[in-house]
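This report walks through one protein chain, fold element by fold element. Please keep the sequence and the 3D view open while reading.

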Amino acid sequence: MVRIYICEDNPNHLKEIKRQVGYYCSFSDWNMRVVSATRHPEKLIQQLVVDEEINIYLLDLEYSMTNGMSGFELGKKIRKRDPLGYIIYLTSHIEMSYLTFQYKVNAIDFIIKDGPDDWKKRLTDCLKTIESQLETMKRNKQKDIIELNVGYGMMSFFLDEILFFEAAVAHKIYVYTEKKTITAMKITLNEIEMMLATKFIRCHRSFLINREKVAAIEKNYSELILINQMKIPISTRKKKEVRQQFPQK
């Protein structure tokens, strides 16, 4: 399901937005549903649910019925709880769009409610874009991926692009891909090993290696040599397991 949250100050605009979104949802293949339509940002925050489902937020920029909370401040509160949600602003103040960088809101669009363009068509186009992105994500998830917390949100990694994982301090893991190294948070190498046991091999207490990225092994089984020529140590107690996995290396 894709949940849609609407927070609009003007009651007439709120009604029109909800009606337009409801009409779009009736034709969507993604089970989109409006779960909250309110004039009060605090109420939206109270009703907010963040889990494995996708959330879309349609926000105004100004709320006269609040204690000074702007749409940007609401967006910032949402981002702290839902870093992967989609935020769309429907506003009369396009000149304020630059503030999304200041507030780190990362909105996907600003729609002018009283501008020359048809805001209903623009909103429909936005929702179609989100659906297209969700289709891409769905196809990617059919491949082998792992999702890890990288500090500012969850990031998906294709397993066939990962060379190895290296344990760091304080429940952090270095993820070495073919192009870059990224730090994952709040997870241990043991937890990753349990998730990826059939595709990766633990050759050392600090290293979990992609089996398919091993190019060679030192004759005394002291090191694995990866396809990028990096050398990973093999601990004494892991030599037997590595020999069994790579008898021809």
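Which residue lies over the face of Tyr221? Arg243 does, at 4.8 Å from the ring centre. A charge counts as over a ring if NZ of Lys or CZ of Arg is within 6 Å of the ring centre and within 35 degrees of the ring normal.

The model is predicted: local features need pLDDT of at least 70, side-chain atom pairs count only at pLDDT 80 or more, and totals for chains, interfaces and linings use all residues. Residues are numbered from 1 along each chain as its sequence is written, and side-chain values use heavy atoms, with hydrogens and water left out.

**The antiparallel sheet**

Tyr221 lies in the loop between β13 and β14. Helices (H or I, at least four residues) and strands (E, at least two) are DSSP runs, numbered from the N terminus. β13 and β14 form a hairpin with 5 residues between them. Tyr221 sits in the turn and has a positive phi of about 55°, although Tyr221 is not a glycine. Tyr221 is buried, with a relative accessible area of 10%. Buried means under 20% relative accessible area, exposed over 50%, and partly exposed in between (1.4 Å probe, protein chains only).

Two strands pair if DSSP finds at least two bridges between them. Axes are lines fitted to C-alpha atoms, for helices over the stretch in contact, and angles run from 0 to 180 degrees between N-to-C directions.

β13 and β14 pair over 3 bridges. Ile217 has Leu224 in β14 as its bridge partner. β14 (residues 223-226) is also joined to β15 by 3 bridges. There, Ile225 stands opposite Lys231.

Ala170 lies in the loop between β8 (162-167) and β9 (172-177). Is Ala170 buried or exposed? Ala170 is exposed, with a relative accessible area of 63%.

**Aromatic pairs**

The whole structure holds 8 aromatic pairs. Rings of Phe, Tyr and Trp (its six-membered ring) pair if their centres lie within 6.5 Å; planes under 30 degrees apart count as stacked, over 60 as edge-to-face and the rest as tilted. Two of the pairs are tabulated here.

| Pair | Centre to centre | Angle between planes | Class |
|---|---|---|---|
| Phe164 and Tyr176 | 4.2 Å | 15° | stacked |
| Phe165 and Phe200 | 5.5 Å | 50° | tilted |

Phe164 in strand β8 and Tyr176 in strand β9 are 12 residues apart, and their pair links distant parts of the chain. Both Phe164 and Tyr176 are buried. Phe165 in strand β8 and Phe200 in strand β11 (residues 200-204) are 35 residues apart. Phe165 and Phe200 are buried too. Elsewhere, Phe72, Tyr89 and Phe110 form one aromatic cluster.

**The parallel sheet and its helices**

Another open sheet has 5 strands in the order β2-β1-β3-β4-β5, with parallel pairing. β2 (32-38) and β5 (109-112) stand at the edges with a single partner strand each, so one side of each is left without a neighbour in the sheet. Neighbouring strands are turned by 20° against each other on average, direction ignored.

β4 and β5 are joined by 4 bridges. Thr91 stands opposite Ile112 in β5. Helix α1 packs on the sheet, touching β1, β2, β3 and β4, and its direction makes about 170° with that of β2. Contact means heavy atoms within 4.5 Å. Helix α3 (residues 71-81) lies across β1, β3, β4 and β5, running at about 170° to β4.

**The largest nonpolar core**

A nonpolar core is a set of buried Ala, Val, Leu, Ile, Met, Phe, Trp, Tyr and Cys residues joined through side-chain atoms within 4.5 Å. The largest one has 22 residues. Ile4, Val21, Ile56, Leu58, Ile88, Leu90 and Leu123 touch the most other members. Two or more residues come from each of β1 (2-7), α1 (11-25), β3 (54-59), β4 (86-91) and α5 (119-141). α5 gives the largest share, 6 residues.

Not counting residues up to four places away in sequence, Ile56 touches several residues, including Ile4, Met32, Ile88, Leu127 and Ile130.
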